[in-house]
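Please open the model in your viewer and keep the selection panel at hand.

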Amino acid sequence: MLKLLNKYAQKLVSHGLCLPDTPLVGGVNDRVLWNRKDPRTAELEKIIAGLNINSIILARPVDPFATILDYHCRNSESEFVPEDTETRTFLHSIPVARSLRAEEIVPLLQKRKGCVIEGQGIITTGTVSPEQAFVVFSSIIFSAFVKFFVDYAYALHSGPVDEEAQKLLPQLLAAYERFLPVGPPTELATGPFSAADEIVQAMIEAGQATVDARMVDSFFGNISYFANEHVYISQTGSSLDELAGCIDACPLDNSASTGITASSELVAHRDIYLGGDQRAILHGHPKFSVIMSMLCFEPDCKNRGKCHIRCEKARFIDDIPIIPGEVGTGPRGLSRTLPPAVQGRRGAIVYGHGVFTVGNNDFREAFTSLATIEDACRAAYLQLIGELAAQRE
Amino acid sequence: MHGWCGKILRVNLSDQTTDELRLDPQIYARNLGGKGLAGELLFEHFQRRWDDPLLPLVLMTGPLNNTASPTSGRMTVMSRSPLTGAVCDASVGGKMGTLLKRAGYDGIILSGKSPDWCGLNICDHGVSFTDARQLCGLETSAIHHRLQAAPGMEKGAHAMIGPAAEQGVRFAAIVFDGHYFAGRGGLGLVMAAKKLKHISVVGNQKTAIFDQTELQAAQEEIYRLVAASPILTGDLGISNYGTGALYDLMRSRRMMPTANFRQTWFEHSAAMNASAYKKRYKTKKFGCAGCHILCKKVGIKGEIIPEFETMSHFSALIGNSNLEAVVEANRICNEAGMDTISAGVTLATYAELSDQQLTPDKMLDLLADITTGRGEGGALGQGALRLATKAGRPELAMVSKGLEFPAYDPRGAQGMALAYATSTRGGCHLRAYPISHEILRKPVATDRFALSGKARIIKISEDMNAVVDSLTACKFLFFAASLEEYARALNAVTGLQTSAQQLLATGERIYYRERIMNARNGFAASDDDIPARFFAESGSSSATIQVAPLDRQEFLQERAAYYRIRGLDENGLPTAEKCAALELPC
C-alpha cells in the first residue's frame with residue numbers, strides 16, 4: 001500500500017502538478033497509512049471515518065492551477081460546473097469547500113469523488129486504489145483550467161468581463177508556459193512496424209514521450225497501431241506513461257474478444273484504419289485545443305447547449321476540423337463522427353474532449369501534429385481574446 | 001409514496017389466502033427494496049429449515065422498477081439455501097419486477113405449503129390460485145408456453161420451477177420468462193417445498209415519480225457512461241457477445257478453471273469463445289425489460305447461447321471441446337430449471353472422484369439423470385460437496401459454504417479468494433466481484449496477483465453490490481456508472497436526498513444483517529474459506545504469466561483484516577458494538 005501511495009504522490013510531482021513533498025496521499029485497509037507525516041492527517045482521518053473509501057489525496061497544485069481553483073471558489077456558492085467532456089461524463093460538478101474540516105468536507109465527498117478547498121487545494125478519494133483519487137485530482141485541474149479560459153472568452157464576447165479574471169489572465173498565461181508542448185525527449189522510432197514486440201515497444205515509447213512533452217496528463221488519451229490485421233491499442237483507463245502490459249491486440253475480424261479491455265475508442269480507431277492508409281493514432285487532451293473547440297459565437301444557434309453532440313457547423317482550426325461526438329459507441333458517439341472527419345487529414349479535435357492525430361508509418365507524424373495543433377490553438381485563443389478585447393474598446 | 005407501491009402481497013399457500021403488508025416508509029428508505037427489503041422481512045424467520053412451510057420465500061422489486069431508470073427491470077428472490085443452509089438471494093432479470101410493480105405490489109412473501117401443486121396469479125384486480133398439477137414433469141419452455149397461452153397472460157411475466165425442483169435437486173432454479181434464472185443455491189427447491197409451481201403476473205399501473213426531469217437527467221448521465229464503456233457497449237463487449245465475451249479474457253489471463261480447478265488453462269478454449277458461438281449460431285440479442293444493453297444471445301434457430309459461466313464450466317472445467325454439447329448442456333439445465341454453475345462443478349467433482357474424463361455424451365447423460373433422479377443423478381443432484389463428502393473426499397469439492405465456484409480461478413485474481421470466502425451466499429463471484437478491477441480495469445486496475453490490502457476493497461464492493469441488488473439495478477451497469485449517478489436516479493424517483501456514500505452505509509447494514517443471519521445458523525470463520533487446493537497447487541503458468549498457489553498466511557491475515565473492517569470478531573461473528581451502531585439485533 002505504501003508503495004502505491006508514494007507512487008501517486010511522486011506522479012503528481014513528476015507531472016508538474018504539485019511541488020515536491022507537498023502531496024498528502026492516504027491509503028486505508030484495516031488502518032490508515034500516509035505517504036508522509038503532516039499535521040492535517042488528524043482531520044483527514046476524521047474525513048476518512050465518515051466515508052467508505054480506501055484512498056485519499058490532499059494537495060495544493062502549482063500555479064496557474066491553484067490560482068484558477070481559488071478564482072472558481074470565490075465565484076461559486078457551493079460548486080462549479082465546467083462543460084468539458086471530463087466533467088459531463090465523470091465529474092458532473094466540482095463542489096467547493098471553505099475549510100478543511102470534516103463536518104464540511106464529508107457531506108461533499110459523500111456526493112462527489114473530489115472537491116476544491118479554497119486556498120488549500122484539492123481533496124479526492126478512491127474506493128479501490130489511490131489511482132482513482134489521482135485521476136479525479138488531475139481531472140479537476142484540467143476541467144477548472146478549461147472552464148476559466150472558456151468563460152473568459154465568452155465574457156469578452158458577450159457579457160460583463162470579471163475584472164479579477166482580466167487581471168489574472170497575463171499571470172496565468174505566463175505560469176502556464178512551462179506546460180506548453182515540447183518536442184519528444186528522444187527521437188521516436190521509425191516505422192512501419194510489423195512484429196508485435198516492435199509495435200508494442202513503439203507504442204510504449206510514444207505514450208511516454210507524449211506525457212513527457214506535457215501534451216496530455218498521463219491517464220488521459222489513448223494510442224494505437226494497425227498491422228497484421230490487428231489493432232494494437234492501449235487498454236481502457238491505462239496511463240500513457242505506463243503502457244507496458246496494457247496493450248491489447250484486437251483482430252479486425254473480431255475472432256477473439258480479449259480486447260474487451262481495450263480503450264473505449266477502439267471502434268473509432270479501427271474505422272479510421274479501415275477508411276485510409278494510416279497506421280498510427282495518438283489521442284490526447286491538450287488544453288487549448290479543448291478550449292478552442294468549445295468557443296463558438298454562432299448567433300441564435302438551434303444546437304446551443306448541445307454542441308458536443310449536435311453541432312452541424314463546419315468548424316476548423318487551420319486544416320483541423322472540430323467535430324461533435326461523445327466518448328464511445330453511442331448513437332452520437334465519436335466512433336461515428338471521428339473516422340470520416342479524419343479521412344485525408346492530420347487529425348481532428350473533438351468538442352470539449354481532445355485531439356486525435358494520425359500517422360502513416362509511425363508515431364512521429366502523429367506526435368508532431370498533436371503538438372502543432374495545440375500550438376495553433378493556443379495562438380488562435382490569444383488572437384481571439386485580443387480581437388474580442390479590441391472590439392469591446 | 002414515490003417509487004415504491006407501499007404494499008407487499010403476503011401469500012399463505014397452506015390455505016391459499018392473501019393479505020397486504022404495508023410497511024413504514026422509514027423501513028423502505030432504510031432497506032431500499034430487493035435484497036435489502038427481502039432480508040428485512042426474512043430476518044426473524046431465518047433459523048427455520050429450508051423446507052419448513054413457515055420459512056418465507058420472498059420476491060422483492062426495488063424503487064427503480066417500472067421507471068425510466070436504466071436496467072431497472074430486475075428483482076430479488078431470497079430465502080435460505082437448501083444447498084448451503086446460508087443466506088440465498090438471487091438478482092433476476094426479465095420482466096417480473098416491472099410487472100409486479102405494475103400490478104401494484106413491491107413484492108411477494110410466500111409462506112405455507114399448498115396441499116398440491118398450484119399456481120399463483122396476480123393482476124391489477126386481484127390474486128387467484130390455480131391447479132398446476134398438469135404442469136408437473138414438463139420442461140420449462142413448455143410450461144412458459146402454456147402460461148402465456150392463458151387468457152390475458154400473453155404479455156404477462158411468469159416464474160416457474162421445472163422437473164429438477166420436483167426431483168429434489170438442491171441447486172434447482174426458479175426460471176423467469178423462459179430465459180432468466182434465480183439460479184444459485186436452490187431457490188427452486190424452496191418453491192417446490194411450498195408446492196408452488198408458478199407465479200404469473202400482469203399489470204398496468206404506473207409508478208409515481210417524484211421528479212421526472214431530474215430522472216431524465218440521471219438517465220442521460222448513466223447512458224453516457226454506458227456508451228463510454230468498452231466492456232458494455234464496445235465492439236467486443238457484452239452487448240455484442242453476451243457475458244461470453246469474458247471467455248477469451250479468462251483464457252488469456254490463464255485463470256480459466258479447468259479439470260475441476262486442477263489447471264487454469266484449457267487447450268481447446270480458443271475455438272470455443274464467444275466469437276465461435278456467434279459465427280456458429282448467427283446470434284441475435286435480447287434482454288431484460290428496461291435495459292438497452294441486451295446481453296442475452298439467441299441463435300437463429302432459437303438456440304439459447306450459454307452465459308460465460310456455463311460456457312466455461314461445460315467446456316474447460318469438464319474437458320469438453322464440443323461446442324454443440326455446451327449448448328445442449330445449457331438447454332438441459334434450462335429446461336429442467338437448474339443452476340449450470342453448480343451442475344458443472346458437480347460433474348467435474350464426479351469426474352475427479354471417479355478418475356475419468358467425461359465424454360460429451362456422458363456429460364449430457366449425467367445432466368439428464370440429475371433432472372430425473374435416475375442412476376447416479378440422485379447423488380449428483382445433491383451438489384458437489386455432498387457428493388465428495390459421501391465419497392470421503394470433501395476436499396475435492398470446489399465450494400465455499402457448500403456453494404460451487406463460478407468460472408474465475410482465484411489464483412489468477414487473488415481478490416476473488418477473499419471474495420469467495422467472505423460471501424454470505426458462499427462460492428459466489430457477484431458479492432464483491434473483484435474481477436471488475438483485477439481484470440476489467442474498472443473503476444481502475446489493481447494488481448491481480450496481490451491479495452494484501454484488498455480486504456477493504458472487498459468490503460466496500462460487497463456494500464456497493466448490496467445496494468445495487470436492493471435498488472434493483474444490474475451489476476453490469478456498474479462497470480460504467482457508479483452509485484453517484486444511481487443516487488441521483490433514486491432521489492429523482494423517490495424524493496429521498498441520499499448520496500453515493502450514504503447508500504454505501506445502507507449497503508453495509510444490509511450486508512451485516514446477512515452475516516447475523518448466517519451466524520445464527522452456525523456459520524463462522526471456518527466457513528469463510530476456500531479449498532486447500534488453491535493454497536497447495538499452482539495453476540497453468542505460461543512463459544510470461546506465473547499462476548502460483550495462494551499464500552495461506554497472507555489469506556488469513558487479509559481475512560482477519562476484513563473482519564476488523566467489517567466489525568466482526570476474530571471468529572467472523574457479529575459484535576454487539578457493531579450491531580448497536582447499525583441498529584440491528586445481535
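**First selection: two prolines of chain A**

Select A:P192, which lies in the loop between α7 (163-176) and α8 (196-212) of chain A; helices (H or I, at least four residues) and strands (E, at least two) are DSSP runs, numbered from the N terminus. The peptide bond that joins A:G191 to A:P192 is cis, with omega about 0°. The model is a predicted one, in which local features need pLDDT of at least 70 and side-chain atom pairs count only at pLDDT 80 or more, while totals for chains, interfaces and linings use all residues. Residues are numbered from 1 along each chain as its sequence is written, and chains are lettered from A and ligands numbered from 1 in the order in which they are written.

Next, select A:P64, placed in the loop between β3 (55-59) and α3 (65-74) of chain A. Here too a cis peptide bond is found, running from A:D63 to A:P64 with omega near 15°.

**Chain A as a whole**

Colour chain A by burial. Of its 393 residues, 56% count as buried (20 or more other C-beta atoms within 10 Å of the residue's own; exposed means 12 or fewer, partly exposed in between, with C-beta atoms placed from the backbone). Among the contacts in chain A with a separation of 6 or more, 64% come from residues 24 or more positions apart; two residues are in contact if their C-beta atoms, placed from the backbone, lie within 7 Å.

**The two domains of chain A**

Select 2-179 as domain 1 and 196-390 as domain 2 of chain A; such bounds come from an automatic or database domain assignment. The domain centres, taken over C-alpha atoms, are separated by 26 Å. Their contact takes 17 residues from domain 1 and 20 residues from domain 2. On the domain 1 side, α4 (85-91) and α6 (130-158) each supply at least two residues. The largest share of that side, eleven residues, comes from α6(A).

**Where chain B meets chain A**

Show both chains. Their contact takes 44 residues from chain B and 42 residues from chain A. Helices of chain B that each supply at least two residues to its side include α7 (212-227), α20 (455-471) and α22 (500-520). The chain B side divides into 22 nonpolar, 13 polar and nine charged residues (Ala, Val, Leu, Ile, Met, Phe, Trp, Tyr, Cys and Pro count as nonpolar, Asp, Glu, Lys and Arg as charged, and the others, Gly among them, as polar).

Select B:K282, in the loop between α11 and β13 (284-286) of chain B. Its phi is near 45°, a positive value in a residue other than glycine. B:K282 is exposed, because 12 other C-beta atoms lie within 10 Å.

Move to B:L294, in the loop between β13 and β14 (296-298) of chain B. B:L294 is not a glycine, yet has a positive phi of about 55°.

Finally, select B:P360, in helix α15 (residues 360-372) of chain B. Which residues does B:P360 contact, leaving aside neighbours within four places in sequence? They are B:N320, B:N322 and B:A325.
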